[in-house]
Amino acid sequence: MSVSRLPRRIAAIVVAFAILTVSEASLMGFDDSVWDSPPYFDDTTPREVTAAAGYPAMLRCRVRNIGDRAISWIRRRDLHILAIGIMTYINDPRFQAEHSEGSDDWTLKLNSARPSDSGVYECQISIDPKISLGIHLNVVASRAKILGSREMFVRRGSDVNLTCAVDAAPAPIELHWARNGRPLDFSRRGGISILTERRARTSQLLVSRVSPRDAGNYSCYPIGNSVTDAASVLVHVIKDENSAAMQHESSASYLQRKPLSVGFAVGVCLVLRLLMR
């Protein structure tokens, strides 16, 4: 039976069904990318990152409309592929790729960053042609200093108060204290307290009621630095102020007598040679 013989309502239904079928087939023939917006880097992605040596460095890349595409991290200086997605492709265990499902943020985390890690890292989107965003990492080696004189004299039974500060380092920062090259041992001596302001990059050491056993070289250094790079102050524990004056005088007189003693010895040698002739 031809369509012309069907009732108009049935004919309209058949025509509508045919149009829907053709439209669906046409839509299935198009590539999905025609309808998707292309991915792009968000303007809020930081292009410069500064980290302190010994601390984690976080490189964040924010990508919109990523879809099912992959994000890669590449170190520009040697074109080494560090990570694809959340999988790392480098033997250095300090590198770690992070991403939360549904988030636009892709992060490359570098634990215990070193100054040698400074350079440009690229966040790359796997489309054709590929697009990338360079992020410059600057790892700063922190330097500490102890405020005040490099040498101090304190009387037995009094308190020692030392303040250490760090310049040219991103906050927060963690500072360590040592005596004679060894970390302070709180278990063997009570009365030691440390107040650290990480955001202010300062640390205050208080040693109460000192005795001669507390004398020594006190040093302060940021985490990630060695004790040999630390700032230090030499602490003397004395009986009274007269002892300090005498110690100063003995040190100064020794330095003054030292050249004279050498000259005297040379003179004696010359006299002996003349007498032996």
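Glu122 is buried, its relative accessible area being 15%, where buried denotes under 20% relative accessible area, exposed denotes over 50%, and partly exposed covers the range in between (1.4 Å probe, protein chains only). The structure is a predicted model, in which local features need pLDDT of at least 70 and side-chain atom pairs count only at pLDDT 80 or more, whereas totals for chains, interfaces and linings use all residues. Residues are numbered from 1 along each chain as its sequence is written, and side-chain values use heavy atoms, with hydrogens and water left out.

Glu122 forms a salt bridge with Arg76, the closest N and O atoms being 2.9 Å apart; a salt bridge is taken here as a side-chain nitrogen of Lys or Arg within 4 Å of a carboxyl oxygen of Asp or Glu. Because Arg76 lies in the loop between β4 and β5 while Glu122 belongs to strand β9, the pair ties together parts that are 46 residues apart in sequence. In contrast to the buried Glu122, Arg76 is partly exposed, with a relative accessible area of 41%.

By this rule, eight salt bridges are counted. Among them, the side chains of Asp42 and Arg64 meet at 2.8 Å, N to O. Asp42 counts as buried at 11% relative accessibility, whereas Arg64 is partly exposed, with a relative accessible area of 26%. Arg64 also meets the side chain of Asp104 in a salt bridge (2.5 Å, N to O). Asp104 lies in the loop between β7 and β8, and the pair therefore ties together parts that are 40 residues apart in sequence. Asp104 is partly exposed, with a relative accessible area of 25%. Through shared partners, the salt bridges join Asp42, Arg64 and Asp104 into one network.

The loop between β7 and β8 also holds Ser103, which is partly exposed at a relative accessible area of 24%. Ser103 and Val63 are 40 residues apart in sequence, yet their C-alpha atoms are 9.1 Å apart in space.

Of the 277 residues, 30% count as buried. Among contacts (heavy atoms within 4.5 Å) between residues at least 6 apart in sequence, 60% join residues at least 24 apart. The protein exposes about 18200 Å², of which carbon and sulfur atoms supply 55%, with accessible areas derived by the Shrake-Rupley method with a 1.4 Å probe and, for residues, only the protein chains shown counted as cover.

Conventions: Helix = DSSP H or I, 4+ residues; strand = E, 2+ residues; numbered from the N terminus.
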